[in-house]
Amino acid sequence: MSKIAADPTHPRYQSLLMRHRLEVAEQKGLLAGSALIAHGRGEAFDYLIGEQTIPSALQATRQALAYLSAAKRPVISLNGNVVALAGKEILTLAHHLRCPVEVNIFYRTPERMEALLSHLEEIKQHEQLDVTILGAEPDARIPGLEGPRANCVREGIFESDVILVPLEDGDRCEALVAMGKTVIVIDLNPLSRTAQMATVTIVDELTRVVNNMNNLFESIGQTSLSHTYDNQDIVQQALDHILSFFAS
Ligand code: ATP
């Protein structure tokens, strides 16, 4: 790691740490060609949000955890950036929730799938986590999507009732909602199609969200569903927060 990234007192420490994780993942063949561009878009929004969890994001996080805890068949969908940035933390969350994870990537090649699955398997063994890792053998398709990105696993994404899809693409989010699922997304851009379409939108940085979820789980066990939760309002609050950055 570079000197700057290794120094926790550096003002951009977290950001540099995330970049470093992506560099390492790139070398291991975990990432798609566009991974760094997607991350850059996220960084820009995180800067405007103040690199912090804003109150509306925490509210969405609590609602998400409540949905996941109460689900009959919860699942967490993982892509390359998620595995690179928060592989250990997300497997810990799955362990807490007793739910499977499914590697489901947009640009699917056998080499990348193999690299992602074995990286997760290594973390699982090292941390001694009890989690089923799916994705090696897709046997179902998400209706309404073309080509290989529709592929998924029947006992994972296909039959899930509640799905956490951090950093999802707008089309797939829409297709999952159309299947009748409760779709929870993590996306720093409140204007993205994904953010607008999901059941619960957490406008916050991935690693902060997963750490918040694990902390909530470890401190209070479960959160309860709010019946007054309004996702459109939550997304609007994030947007208002960003607009206040320009007004200040
Ligand atoms: P959409 O298809 O939903 O309109 P998009 O084309 O902008 O979205 P992608 O390029 O598929 O989206 O994915 C990148 C998205 O993920 C961006 O919206 C970006 O803000 C967000 N993002 C990137 N890194 C992170 C991160 N670490 N935490 C949270 N969100 C992130």
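User: In β7, which residue is the bridge partner of V165?

Analyst: The partner of V165 is V185 in β7. The model is predicted, so local features need pLDDT of at least 70 and side-chain atom pairs count only at pLDDT 80 or more, while totals for chains, interfaces and linings use all residues. Residues are numbered from 1 along each chain as its sequence is written, and side-chain values use heavy atoms, with hydrogens and water left out.

User: How many bridges join β6 to β7?

Analyst: Two strands pair if DSSP finds at least two bridges between them; strands (E, at least two residues) and helices (H or I, at least four) are DSSP runs numbered from the N terminus. Here five bridges join β6 to β7 (residues 182–186), and the two run parallel. Between them the chain passes through helix α8 (residues 170–178), in a β-α-β crossover that is right-handed. Right-handed means that, with the strands pointing away from the viewer, the path from the first strand over the helix to the second runs clockwise.

User: What is the order of the strands in the open sheet?

Analyst: The six strands are ordered β3-β2-β1-β6-β7-β8, with parallel pairing. β3 (133–134) and β8 (200–202) are at the edges with a single partner strand each, so one side of each has no neighbour in the sheet. Three bridges join β1 (residues 74–78) to β6, where V75 has I163 as its partner. β7 and β8 also pair over three bridges, with V185 opposite T201.

User: Which residues point each way from β6?

Analyst: In a regular strand the side chains alternate between the two faces of the sheet. In β6, V162, L164 and P166 point one way, and I163 and V165 the other.

User: Why is β6 described as largely enclosed by the rest of the structure?

Analyst: Buried means under 20% relative accessible area, exposed over 50%, and partly exposed in between (1.4 Å probe, protein chains only). Five of the five residues of β6 (residues 162–166) are buried, so the strand is largely enclosed by the rest of the structure.

User: Is T194 buried or exposed?

Analyst: T194 counts as buried because its relative accessibility is 4%. T194 lies in helix α9 (residues 193–197).

User: What does the side chain of T194 reach?

Analyst: A polar contact is a pair of N or O atoms within 3.5 Å; within protein, one must be able to donate a hydrogen and the other to accept it, and residues adjacent in sequence count only if both atoms are side-chain atoms. The side chain of T194 reaches the backbone oxygen of E168 at 2.9 Å.
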